[in-house]
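Notes follow in the order I checked them.

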Amino acid sequence: MSEKEVVRTESAPAPFQGAPYSQAIKAAGLVFVSGQLGLKPGDTAIGGAIEEQTEQVLANLGAILEEAGSGLDRLVKTTVFLADLGDFAAMNEVYARHVGDRPPARATVEVSALPSGAKVEIEAIALA
């Protein structure tokens, strides 16, 4: 069994408020990416409409996957957390543009709140 490898890039936000988790872990031929918010690297506030936040979430996911030697085209499973399921269609339109013609398996759930008033958070598993 192979060891786990911590994935870290400055092209995506560091763990939120210094929390004890990694941006991603590479193990067993897969990359497990922690939930990403629509936060730009170096920023401390999340703003904008659901479309803008979803674009930034996917940019963060892409940067982390690239650092791990993977990419959005290698996603196998995502979980989307929405603060308001009414944002589903707008989020889905942005999401569809980024995941290609062979999209990953996905679950989408509405949650009561996300950190810093975020509208969307996405976690992912991809092939390494």
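**Entry 1: ground rules.** I started with what a salt bridge is: a side-chain nitrogen of Lys or Arg within 4 Å of a carboxyl oxygen of Asp or Glu. Background for myself: side chains of opposite charge can pair when their charged atoms come close. I'm working with a predicted model, where local features need pLDDT of at least 70 and side-chain atom pairs count only at pLDDT 80 or more, while totals for chains, interfaces and linings use all residues. Residues are numbered from 1 along each chain as its sequence is written, and side-chain values use heavy atoms, with hydrogens and water left out.

**Entry 2: salt bridges.** How many salt bridges did I get by this rule? The count is 3.

I looked at Arg8 and Glu10, whose side chains form a salt bridge at 3.3 Å, N to O. Then I checked how open they are (buried is under 20% relative accessible area, exposed over 50%, partly exposed in between, with a 1.4 Å probe and protein chains only). Arg8 comes out partly exposed at 35%, and Glu10 is exposed at 63%.

Next I went to Arg97, which forms a salt bridge with Glu55 at 2.6 Å, N to O. Arg97 sits in helix 2 (residues 88–99) and Glu55 in helix 1 (residues 50–67), so this pair ties together parts 42 residues apart in sequence. For helices I used DSSP runs of H or I, at least four residues, and for strands runs of E, at least two, both numbered from the N terminus. Arg97 is exposed at 52%, whereas Glu55 is partly exposed at 29%.

Arg97 also has a salt bridge with Glu93, at 4.0 Å, N to O. Both lie in helix 2, 4 residues apart, about one turn of the helix. I noted Glu93 as exposed, at 54%. Shared partners join Glu55, Glu93 and Arg97 into one network.

**Entry 3: the largest pocket.** A pocket is an open set of points on a 1 Å grid over the protein atoms alone, where a 1.4 Å probe fits, with protein on both sides within 12 Å along at least five of seven lines; lining residues have an atom within 4 Å of a point. The largest one has a volume of about 280 Å³, where volume is the space filled by probe spheres set on the points, joined across faces, edges and corners.

Which residues are closest to its centre? Of the 20 lining residues, they are Pro13, Ala14, Pro15, Phe16 and Leu39. Strand 3 (residues 30–37) gives the most to the lining, with 3 residues.
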